[in-house]
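Let's take a friendly look at the aromatic rings in this protein. Have the sequence and the 3D view open as you read.

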Amino acid sequence: AEEGAAREAMEEACAKIEIEGLLACYSVPRISQVQLMYRARLLENEYIETASLGALAMLAGQHHRVDDARALAIAQYDAADNMTDTIAALAAIKDSDAPERHDLYARFEARWRDEPLVLDKWFALEATAQRDGTLERVKSLLAHPRFNARNPNRVRALVGAFALGNLARFHAADGAGYAFAADQVQALDATNPQLASMIAGAFSL
């Protein structure tokens, strides 16, 4: 699965796409993360199927259409009638510093704060954001009313997602990511050594 995901990401990154056509296709009513299937020509004149708002937003950004990418994510969030589309919208905008991003994440948290499995997705998205300040955001979420250090799923969603799923911020040159993860592993070791060991595995990546 990881190999397939990596291959798909590489194909999407290398795809040479007429962005206007892609955006036009996505704007058709009822086309969504679940429903979108778009033919994209590769540099090698082969084809792939793209069914990802995240990839679409990324490509729009590469074509200097950041506003379009952000608008797509917001529109999908507002129109979503299923969790797949909702999470896809949040994922597509998670690396942005725009005010709309903060508003969208606050709305999701307010709506789903009492649904543990859903809120875990929100914690994980916050922890894997590539934007500046993610580590400080993760630290602040340790004090979130719904964060419980004795809840393994919640710790995996926040601390584990940061250490194991956000390599850019975990391996930051200033070492802050290492220090944070080490402190968390040490604190966890007394109550959940298995989880502590899993998170410590990030130092081997």
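What follows is a short tour of ring pairs, and of charges over rings, in a predicted model.

## Ring pairs at a glance

A pair of aromatic rings is described by the distance of the centres and the angle of the planes. Here the count comes to seven aromatic pairs, with centres within 6.5 Å as the cut-off.

## A pair within one helix

Start with Phe-108 and Trp-112. Their ring centres are 6.3 Å apart and the planes meet at 40 degrees, so this pair is tilted. Both sit in helix H6 (residues 99–112), and because they are four residues apart there, about one helical turn separates them. Phe-108 itself is buried, with a relative accessible area of 0%.

Next come Tyr-178 and Phe-203, a tilted pair with 5.9 Å from centre to centre and 40 degrees between the planes. This one links distant parts of the chain: Tyr-178 belongs to helix H11 (residues 176–189), while Phe-203 is in the segment after helix H12 (193–200), 25 residues apart.

How accessible are the two partners? Tyr-178 is partly exposed, at 33% relative accessible area, and Phe-203 also counts as partly exposed, at 41%.

## A cluster, and charges over rings

Some rings join up in a group: ring pairs link Trp-122, Phe-123 and Phe-147 into a cluster.

Arg-101 lies over the face of Tyr-105, 3.9 Å from the ring centre. Back at Trp-112, Arg-111 lies over the ring face, at 4.0 Å from the centre.

Key: Residues are numbered from 1 along each chain as its sequence is written. This is a predicted model: local features need pLDDT of at least 70, side-chain atom pairs count only at pLDDT 80 or more; totals for chains, interfaces and linings use all residues. Side-chain values use heavy atoms; hydrogens and water are left out. Rings of Phe, Tyr and Trp (its six-membered ring) pair if their centres lie within 6.5 Å; planes under 30 degrees apart count as stacked, over 60 as edge-to-face and the rest as tilted. Helices (H or I, at least four residues) and strands (E, at least two) are DSSP runs, numbered from the N terminus. Buried means under 20% relative accessible area, exposed over 50%, partly exposed in between (1.4 Å probe, protein chains only). A charge sits over a ring if NZ of Lys or CZ of Arg is within 6 Å of the ring centre and within 35 degrees of the ring normal.
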